[in-house]
Every structure is written in C-alpha cells, then in structure tokens.
Amino acid sequence: MLVPLANLNALTRVPLGAWRGDAELLGLFEASLRETIAVGRAEGVAFKPDAVEKGLAMIRSMPDHHMTSMGNDLLRGNRLELPWFAGKVVELGRRHGIPTPVNSFVYAALKLHANGSAAAR
C-alpha cells in the first residue's frame, strides 16, 4: 500500500488531506494500488481479496498532514525511492505482461528528480 501513497504524495507534493478528497486524485491512487497488487500477486504475494478496499480504508484513516518519505525527499531535493517503488512496479509489470499505466506515468513524471535536485546542477 506504500507505493501508491508515495506515488501520489510525491506527484502532488502536498499532504494526504489535500488530495484524498479529490475524486480524480483518489482514482489515481486506487488505479496505482490495483496495478501494484496485480503485480505483487504475479510475483507470488498472497494479497487478500479485499486488499484494494483495505488500502482505501487505510488512507481514509490517516491524518490529513501525512507526508511520505518520498514526498518529503522530493521537497528537500534528496534522492527518491522512485526506482524501488513505481519503477519496480513498472519493471515487474512488464515481466508479467501486466499493464501499469499509472505507475508508468508517475515514474516518467518524477524520474528527473530521482537523484535529487543536486544531480540537476
């Protein structure tokens, strides 16, 4: 459940409470969650049938001010966990023939920041 949350937090650059009430952004979270679970299952992770619903319930229960480490790292100009989060979902999705359009978009949108802002100087 961490990958989709980190994806949206870094992509929006705002705390959870600022985007979770927006239907379109919540839809991106859910789509990323579904992709991540599908890839995990293909890798042998035994997600329960209600994993999507539990993931959605989890973010509904979190405080409005919540920021992920990847979101904070992006704001601070630090290296990102992107290659191990969205990047890994994309890589494993390709290996298993599972489409990962949301994770692919997040990876493409943030990859220039993956090594931190110091790398761009």
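Modeller: In this predicted model, buried means under 20% relative accessible area, exposed means over 50%, and partly exposed lies in between.

Biologist: Why is Arg13 called partly exposed?

Modeller: The relative accessibility of Arg13 is 35%.

Biologist: Where does Arg13 lie, and what is its phi?

Modeller: Arg13 belongs to the loop between α1 (2–12) and α2 (16–19). Just after α1, Arg13 adopts a positive phi of about 60°; the residue is one other than glycine.

Biologist: Why is Ser32 called buried?

Modeller: Ser32 has a relative accessible area of 0%. The limit for buried is under 20%, so Ser32 is buried.

Biologist: In which helix does Ser32 lie, and which residues does Ser32 touch?

Modeller: Ser32 is part of helix α3, residues 23–42. Leaving aside residues up to four places away in sequence, Ser32 touches Pro4, Asn7, Val102 and Asn103. Pro4 and Asn7 are among the buried residues of α1.

Biologist: What makes α1 largely enclosed by the rest of the structure?

Modeller: Eight of the eleven residues of α1 are buried, so α1 is largely enclosed by the rest of the structure. Those buried residues are Val3, Pro4, Leu5, Ala6, Asn7, Leu8, Asn9 and Ala10.

Biologist: What covers the buried residues of α1?

Modeller: The cover includes α2 and α3, together with α4 (51–61), α5 (69–76), α6 (86–96) and α7 (101–110).

Notes. Residues are numbered from 1 along each chain as its sequence is written. This is a predicted model: local features need pLDDT of at least 70, side-chain atom pairs count only at pLDDT 80 or more; totals for chains, interfaces and linings use all residues. Side-chain values use heavy atoms; hydrogens and water are left out. Helices (H or I, at least four residues) and strands (E, at least two) are DSSP runs, numbered from the N terminus. Buried means under 20% relative accessible area, exposed over 50%, partly exposed in between (1.4 Å probe, protein chains only). Contact means heavy atoms within 4.5 Å.
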